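Below are my notes on the model, as numbered points. Please read them with the structure open.

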Amino acid sequence: MHKTKTRCCSFLRRAAPCLAAADFAPDAFSQLRGGMRSAQRDVISERGTGLASLWRYVLAGLGLAALLAGVLAAVYLTAPQAPQRAGSEIARSKKTANGLFVARFEPERGVVRQGELQSWLLTLKTDAGTPVEGAAIAISGGMPQHRHGLPTSPQATDYLGDGCYRIDGVKFTMSGLWQLHFAISAAAGSDTVVFNVLL
């Protein structure tokens, strides 16, 4: 019996430190929870910092895109533009300035080609429809928006009959609005006409 009591006391003495440690267990768990909360706050803080940096990059990109769009708009608005012409202004057939003749001007092959020497046809008739024969034709022109003349010197080279004259040496070197001025002298008198060609 004495041995049994001795064993129990020995057991209790050995268990006492464990029990004492158990008394502090709530504090340990509390400290553990506090550490976890602190770690969570650190993670959230780092995540917030990362999101702020991302937003800074996004806003910087949007600002750069807006600046680029503004520059492109300024270049487009200040660049010389070929004006939009009404159908009557780029018509292939019209009366001369004083109404002496009805003139028609068109490419001989039916297509306007940029950068190529071409032949065009100028047909002259009176208001009554009579072909104008033996006309003297002087040609000039250029690009009014760019303030330069024609790159070549077109000339009336052949009379094809029925009031039709071949104009050789026509060349349009760039896109935009071109003007060709014709000064016409015939038996009926002298007159002028301007044709617009928009490429």
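1. The side chains of K125 and D162 form a salt bridge, with N and O 3.7 Å apart; the term requires a side-chain nitrogen of Lys or Arg within 4 Å of a carboxyl oxygen of Asp or Glu. Because K125 sits in strand β3 and D162 in the loop between β6 and β7, the pair ties together parts 37 residues apart in sequence. K125 is partly exposed, at a relative accessible area of 26%; the classes are buried under 20%, exposed over 50% and partly exposed in between, using a 1.4 Å probe and protein chains only.

2. Some ground rules apply to all points. The model is predicted: local features need pLDDT of at least 70 and side-chain atom pairs count only at pLDDT 80 or more, while totals for chains, interfaces and linings use all residues. Residues are numbered from 1 along each chain as its sequence is written, and side-chain values use heavy atoms, leaving out hydrogens and water.

3. The chain contains two helices and nine strands, in the sequence pattern α-α-β-β-β-β-β-β-β-β-β. Helices (H or I, at least four residues) and strands (E, at least two) are DSSP runs, numbered from the N terminus. Of its 199 residues, 20% count as buried.

4. Contacts, defined as heavy atoms within 4.5 Å, are worth a look by sequence distance. Among those between residues at least 6 apart in sequence, 60% join residues at least 24 apart.

5. An open sheet is built from five strands in the order β1-β2-β3-β7-β6, with antiparallel pairing. Its edge strands, β1 (93-95) and β6 (155-161), each pair on one side only. From one strand to the next the twist averages 25 degrees; axes are lines fitted to C-alpha atoms, for helices over the stretch in contact, and angles run from 0 to 180 degrees between N-to-C directions.

6. Within this sheet, β3 (residues 118-126) and β7 (residues 164-170) pair in the antiparallel sense over five bridges; pairing needs at least two bridges found by DSSP. W120 stands opposite I167 in β7.

7. The structure holds five salt bridges. One of them joins the side chains of E108 and R166 at 2.7 Å, N to O. This pair links distant parts of the chain, with E108 in the loop between β2 (101-107) and β3, and R166 in strand β7, 58 residues apart. E108 is partly exposed at 33% relative accessibility. E108, D158 and R166 are linked in a salt-bridge network.

8. E106 and R104 also form a salt bridge, their closest N and O atoms being 3.4 Å apart. E106 is partly exposed, with a relative accessible area of 25%, and R104 counts as partly exposed at 36%.

9. Where does H148 sit, and what does H148 touch? H148 is in strand β5 (residues 148-149) and is partly exposed at 32% relative accessibility. Not counting residues up to four places away in sequence, H148 touches G141, G142, M143, M174 and W178. The C-alpha atoms of H148 and W178 are separated by 9.9 Å, with the residues 30 apart along the chain.

10. W55, in helix α2 (residues 25-78), counts as exposed at 55% relative accessibility. L54, W55, V58, L59 and L62 form a nonpolar surface patch with about 540 Å² of accessible area together. Patch residues have over 30% relative accessible area and no salt bridge; like charges are joined within 9 Å, nonpolar side chains (Val, Leu, Ile, Met, Phe, Trp, Tyr) within 5 Å.

Key:
Areas by Shrake-Rupley, 256 points an atom, 1.4 Å probe, with all protein chains shown as cover.
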